[in-house]
Amino acid sequence: MNWLHTFISEDILYTLGWTLLHALWHGTLLAIALSLGMFILNKHSSQARYAVAITAMFTMLLVSAVTFWVIFPEQGEAIPQFIYNAPTEQVIDWEPALYQASSEENIASFTENITYYFNSHLPLIVTIWLMGVLIFTLKMLGGLAYIQRLKTYKVKQAETFWQNKVLALSTQMGIRKVVRLMESAIVKVPMVVGHIKPVILIPVGTITGLPQEQLEAILAHELAHIARHDFLVNILQSVVEIIFFYHPG
């Protein structure tokens, strides 16, 4: 993995590797806390549970950023050298140590060996992480490109009556953005695309096939996504999921 040092300094490699490792137990604690929070808020509104979940997700990102900042070596501070093949004289004979060393010494020796192991494998850990980030980033960008294409491919403007209805509902919900309503021959369910210039896409035939009251309820539901900035939040959530793709939590 020596090639990695060509693109990333040893300071960043060391800090990033240990940040990824610490994120495992940080994220586990946050996942447990979130599970308890969801249990406590079981009878509360969905908005409250949504807010707690989003807060936990971005707390994970914040904690890792702080961890990176704390671990990053100060100017002139030495970091452990990355050793790929441990010399034979450094291999510890555990069996005599179990009988001769005290429990404190055993714990200290175990900690030192764990630290040494991860220090020597940090380039490999970071390389695997970077490969995963690249793969999932390409997947996300492909999905965003497809979604953007839905705004212009096989769509037509909804009739004026329903455009005005969307405008009226937007005003009632405090949405200042201009929201367009389009009929799509591609989508199967109503959806919102875009954040700065949002578009509501509904399947062709929905307007003529549903009662007015039901269609208004569908439009209000989609406008609620816009009011909560769900499209932007979903993108940010995808970014967090890319960064911590390796974490089961």
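Biologist: What makes W25, L29, I32 and L36 a nonpolar surface patch?

Modeller: In this predicted model, those four residues make a patch of about 440 Å². A patch takes residues with over 30% relative accessible area and no salt bridge, joining nonpolar side chains (Val, Leu, Ile, Met, Phe, Trp, Tyr) within 5 Å and like charges within 9 Å. Areas come from the Shrake-Rupley method with a 1.4 Å probe, and for residues only the protein chains shown count as cover. I32, one of the four, is found in helix α2 (residues 10-40).

Biologist: Why is I32 called partly exposed?

Modeller: Buried means under 20% relative accessible area, exposed means over 50%, and partly exposed lies in between (1.4 Å probe, protein chains only). I32 has 48% relative accessibility, so it counts as partly exposed.

Biologist: Good to know! What makes K165 and E216 a salt bridge?

Modeller: The term asks for a side-chain nitrogen of Lys or Arg within 4 Å of a carboxyl oxygen of Asp or Glu. For K165 and E216 the N to O distance is 3.1 Å, so the pair qualifies. K165 lies in helix α6 (residues 160-172) and E216 in helix α8 (residues 212-227), so the pair ties together parts that are 51 residues apart in sequence. Helices here are DSSP runs (H or I, at least four residues), as are strands (E, at least two), numbered from the N terminus.

Biologist: How do you know whether D230 is buried or exposed?

Modeller: D230 has 6% relative accessibility, so it counts as buried. D230 forms a salt bridge with R228, the closest N and O atoms being 2.7 Å apart. R228 is partly exposed, with a relative accessible area of 37%.

Biologist: Now the sheet: why do β1 and β3 count as edge strands?

Modeller: The open sheet has 4 strands in the order β1-β2-β4-β3, with mixed pairing. β1 (155-157) and β3 (191-193) each have a single partner strand, so one side of each is left without a neighbour in the sheet. From one strand to the next, the twist averages 35°.

Biologist: How do you know that β3 pairs with β4?

Modeller: Two strands pair if DSSP finds at least two bridges between them. β3 and β4 (residues 199-203) are joined by 3 bridges, so they pair, and they run antiparallel. V192 stands opposite I200 in β4.

Biologist: What should I keep in mind about numbering and confidence?

Modeller: Residues are numbered from 1 along each chain as its sequence is written. Local features need pLDDT of at least 70 and side-chain atom pairs count only at pLDDT 80 or more, while totals for chains, interfaces and linings use all residues, and side-chain values use heavy atoms, leaving out hydrogens and water.

Conventions: Axes fitted to C-alpha atoms, helices over the stretch in contact; angles between N-to-C directions.
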